[in-house]
Amino acid sequence: MKQIQQQLIDDLSKASSMKEVEEIRVRYLGKKGLLTLQWKNADFKSMSPDERKNFGIEFNKTKNLAEAKIREAMEKQQAAGSRSIDVDATLPGTDRRLGCLHPITLIRMELEEIFHGMGFKVLAGNDVEEEFYNFDALNIPADHPARETQDTFWLTNGMLLRTHTSAYQVRAMKKFGTPLRAIFPGRCFRYESVDASHENTFYQLEGLMVDIDISIANLIGVMKTLLGEIFRKEVTVRLRPGFFPFVEPGFELDCQCLICEGRGCPTCKSTGWIELIPCGLVHPKVLEYGSIDSEKYSGFAFGLGLTRLAMMKFGIPEIRLFNSGDIRFYGQFPASGSI
Ligand code: PHE
């Protein structure tokens with residue numbers, strides 16, 4: 001064995017190309033290699049147990065050494081080879097940048113997965129909606145002041161660009177009936193003057209759960225699970241009364257500021273809380289519009305601002321970047337979880 005080791009080291013030291021190293025490998029470790037034959041031809045029967053053991057140990061040592069030395073020699077040849085290529089280091093590199101997912105898409109996919117885990121279907125509403133579903137079916141009749149805060153773009157055929165994903169609530173109820181657990185993320189539009197935190201085009205994710213005996217406890221449970229998974233830690237939430245004609249009671253769900261943990265900082269405007277998710281129990285009139293018996297069933301709904309959430313999660317201070325089409329901005333966000 002010692003002899004084989006020495007011979008191998010000598011041979012390798014003389015090798016001057018990858019081909020030669022490969023030949024050496026075959027000569028020693030190949031099927032009919034020197035080392036392989038040592039094993040095949042060993043007369044185990046005539047050995048004592050101790051001899052057999054020693055032979056095994058020596059053989060393995062030699063084999064491991066041979067493999068390591070050959071690998072080393074191959075790496076050496078490879079490195080030498082790459083150095084010998086004539087490279088012009090002043091040439092520009094090939095641009096191998098791959099496309100990437102938009103930060104809103106990343107956060108939407110993450111949320112879809114979380115809700116999937118809680119048994120919610122993922123539905124898609126329509127960007128262009130009938131006035132009835134965007135307003136009237138949500139208990140916002142034509143003369144209701146809430147319409148004023150959600151002015152939007154009207155099409156010449158009388159349809160509109162939806163002002164919120166809630167516009168799909170009644171359609172979803174009619175289409176799927178009860179029990180219903182669904183989210184519908186999507187693009188929304190409002191007639192806004194644009195600034196760092198307002199856009200005329202933004203994203204929301206609506207959630208709707210309708211079944212027997214659905215209460216505020218279910219709403220809080222789902223919201224806490226959701227926030228815990230997004231921010232990867234337990235978050236403290238509180239409900240404040242909030243008014244939306246299509247929920248009763250209606251709330252603003254705040255979460256304790258994740259930056260200062262409630263002590264007060266510029267992000268939470270020193271209040272310790274961040275307003276995050278408007279929500280509430282579905283108004284009986286809305287259930288009725290959705291052909292659901294409001295005596296028997298109840299439900300909750302929430303309208304999460306996806307754009308807002310992406311701004312918080314990724315620390316983006318300027319909303320206009322989202323629709324800017326600027327690849328330098330889009331490429332900065334790592335996919336998290338299983339995405
Ligand atoms: N659609 C409301 C908005 O855009 C948010 C909301 C959704 C409130 C669901 C309550 C329940 O302002």
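Is Pro334 buried or exposed? At 58% relative accessibility, Pro334 counts as exposed, where exposed means over 50% relative accessible area, buried means under 20%, and partly exposed is in between, with a 1.4 Å probe and protein chains only.

This is a predicted model, in which local features need pLDDT of at least 70 and side-chain atom pairs count only at pLDDT 80 or more, while totals for chains, interfaces and linings use all residues. Residues are numbered from 1 along each chain as its sequence is written, and side-chain values use heavy atoms, with hydrogens and water left out.

**Domains and the end of the chain**

The domain assignment of the chain gives domain 1 (2–82) and domain 2 (103–330), with bounds that come from an automatic or database domain assignment. The centres of these two domains, taken over C-alpha atoms, are separated by 68 Å. Pro334 is found in the segment after α12; helices here are DSSP runs of H or I with at least four residues, strands are runs of E with at least two, and both are numbered from the N terminus. Although Pro334 and Cys100 are 234 residues apart in sequence, their C-alpha atoms are 9.3 Å apart in space. Leaving aside residues up to four places away in sequence, Pro334 touches Leu106 and Phe314, contact meaning heavy atoms within 4.5 Å.

**A pair of helices**

Two packed helices are described by the angle between their axes and the distance between the axes. The axes of helix α5 (residues 103–117) and helix α11 (residues 306–314) come within 9 Å and cross at roughly 100°; such axes are lines fitted to C-alpha atoms, for helices over the stretch in contact, and the angles run from 0 to 180 degrees between N-to-C directions. That makes α5 roughly perpendicular to α11, a term for angles of 65 to 115 degrees. On the side of α5 the contact is made by Pro103, Ile104, Ile107, Arg108, Glu110 and Leu111, and on the side of α11 by Leu306, Thr307, Leu309, Ala310, Lys313 and Phe314.

**Nonpolar cores**

A nonpolar core is a set of buried Ala, Val, Leu, Ile, Met, Phe, Trp, Tyr and Cys residues joined through side-chain atoms within 4.5 Å. The largest such core has 47 residues, of which Phe115, Leu226, Leu227, Ile277, Phe300, Phe302 and Leu304 touch the most other members. Among the elements that each supply at least two residues of this core are α5, β5 (201–211), β8 (273–282) and α11, while α9 gives the most, with seven residues. Phe115 touches Phe120, Ile183, Leu205, Val222, Leu226 and Phe302, again not counting residues up to four places away in sequence. A second, separate core of 25 residues includes Leu123, Tyr133, Ala137 and Ile292.

**Backbone details**

Most residues other than glycine have a negative phi, and most peptide bonds are trans.

Asn139, a residue other than glycine, has a positive phi near 65°; Asn139 is found in the loop between α6 (131–134) and α7 (146–149) and is buried, with a relative accessible area of 16%. Arg232, which is not a glycine either, has a positive phi of about 60°; Arg232 lies in the loop between α9 and β6 (237–241) and, at 52% relative accessibility, counts as exposed.

How values were computed
Angles under 35 degrees count as roughly parallel, over 145 as roughly antiparallel, 65 to 115 as roughly perpendicular and the rest as oblique.
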